[in-house]
Amino acid sequence: MSMTRGLSIILLVLVSSGLVGFKGEVGKVSDLQIETITMARLKDDDRVNAKKIVVESKNHVVTLTGTVSTPEEKHLAERIAGSTKVGVSRIINLIEVTPVL
């Protein structure tokens with residue numbers, strides 16, 4: 001995916017989820033908005049296979065589940081999710097590493 005296309009997708013998600021120009025209390029960002037932008041960021045990064053990752057947010061705590069093929073991919077998914085700063089209070093990474101044989 002080209003960098004321009006990826007940035008366009010992120011901008012579209014940000015605009016549609018109401019996070020662009022966010023001002024006010026973090027508590028006003030919904031869990032659905034947090035899930036949407038976090039998943040978009042994971043899908044946009046070619047180093048992570050986001051097809052097998054599930055993002056859930058409850059009370060601004062993001063939980064990552066699913067499987068990836070390397071420990072590096074697991075940690076990268078957590079870093080990407082953690083970089084979604086607006087509204088995220090904590091990341092719980094329950095992704096399992098299942099090496100491809």
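Let's start at leucine 76, which sits in helix α3. Keep in mind that we are looking at a predicted model. Is leucine 76 buried or exposed? Its relative accessibility is 8%, and buried means under 20%, so leucine 76 counts as buried.

What does leucine 76 touch, once we skip its neighbours within four places in sequence? The list is Asp45, Arg47 and Val48. Take aspartate 45 from that list: leucine 76 and aspartate 45 are 31 residues apart in sequence, yet from C-alpha to C-alpha they are 9.6 Å apart in space.

Now let's stay with aspartate 45 and arginine 47 for a moment. Side chains of opposite charge can pair when their charged atoms come close. Here the side chains of arginine 47 and aspartate 45 form a salt bridge, with 2.8 Å from N to O. How many salt bridges does a search of the whole structure find? The search finds 1. Aspartate 45 counts as buried because its relative accessibility is 16%. Arginine 47 has 56% relative accessibility, so it counts as exposed.

Glutamate 72 counts as exposed because its relative accessibility is 56%.

So what does α3 look like as a whole? The helix has 12 residues, and its first and last C-alpha atoms are 17 Å apart, close to the 16 Å expected at 1.5 Å a residue. Its buried residues are Glu73, Leu76, Ala77, Ile80 and Ala81. If you look down the axis of α3, those buried residues fall within an arc of 135°, so they line one face of the helix. On the other side of α3 you find Glu72 and Arg79, which are exposed. And which elements do the buried residues of α3 pack against? They pack against α2, β1, β2 and β3, where β3 covers residues 90–93.

The largest one has 18 residues, and the members that touch the most other members are Leu42, Val48, Ile53, Val55, Val62 and Leu64. The elements giving two or more residues to this core are α2 (31–44), β1 (53–58), β2 (61–68) and α3 (71–82). Which of them gives the most? That is α3, with 4 residues.

Setting aside its neighbours within four places in sequence, leucine 64 is in contact with Leu42, Val54, Val55, Ala77, Glu78, Ala81, Ile91, Ile92, Asn93, Leu94 and Ile95.

Helix α2 deserves a look too. The buried residues of α2 are Gln33, Ile34, Ile37, Thr38, Met39, Ala40 and Leu42.

Next, the loop between β1 and β2. Asparagine 59 lies in this loop, and although it is not a glycine, it has a positive phi of about 55°. Histidine 60 is in the loop between β1 and β2 as well, and its phi is near 70°, again a positive value in a residue other than glycine. Are these residues buried or exposed? Asparagine 59 counts as exposed because its relative accessibility is 58%. Histidine 60 has 16% relative accessibility, so it counts as buried.

Let's finish by zooming out. The protein has 3 helices and 4 strands, and along the sequence they follow the pattern α-α-β-β-α-β-β. Of the 101 residues, 35% are buried. Among contacts with a separation of 6 or more, 61% are between residues 24 or more positions apart. The accessible surface comes to about 6400 Å², and 58% of it belongs to carbon and sulfur atoms.

If you take one picture away, go back to where we began: leucine 76 in helix α3, in contact with Asp45 and Arg47, among others, the two residues that meet in the salt bridge.

Definitions and conventions. Residues numbered from 1 in each chain as written. Predicted model: local features only at pLDDT ≥ 70, side-chain atom pairs only at ≥ 80, totals over all residues. Heavy atoms only, no water. Core = buried A, V, L, I, M, F, W, Y, C linked by side-chain atoms within 4.5 Å. Buried < 20%, exposed > 50% of the residue type's maximum accessible area, 1.4 Å probe, protein only. Contact = heavy atoms within 4.5 Å. Expected span 1.5 Å × (residues − 1). Arc of directions from axis to C-beta. Salt bridge = Lys/Arg side-chain N within 4 Å of Asp/Glu carboxyl O. Areas by Shrake-Rupley, 256 points an atom, 1.4 Å probe, with all protein chains shown as cover.
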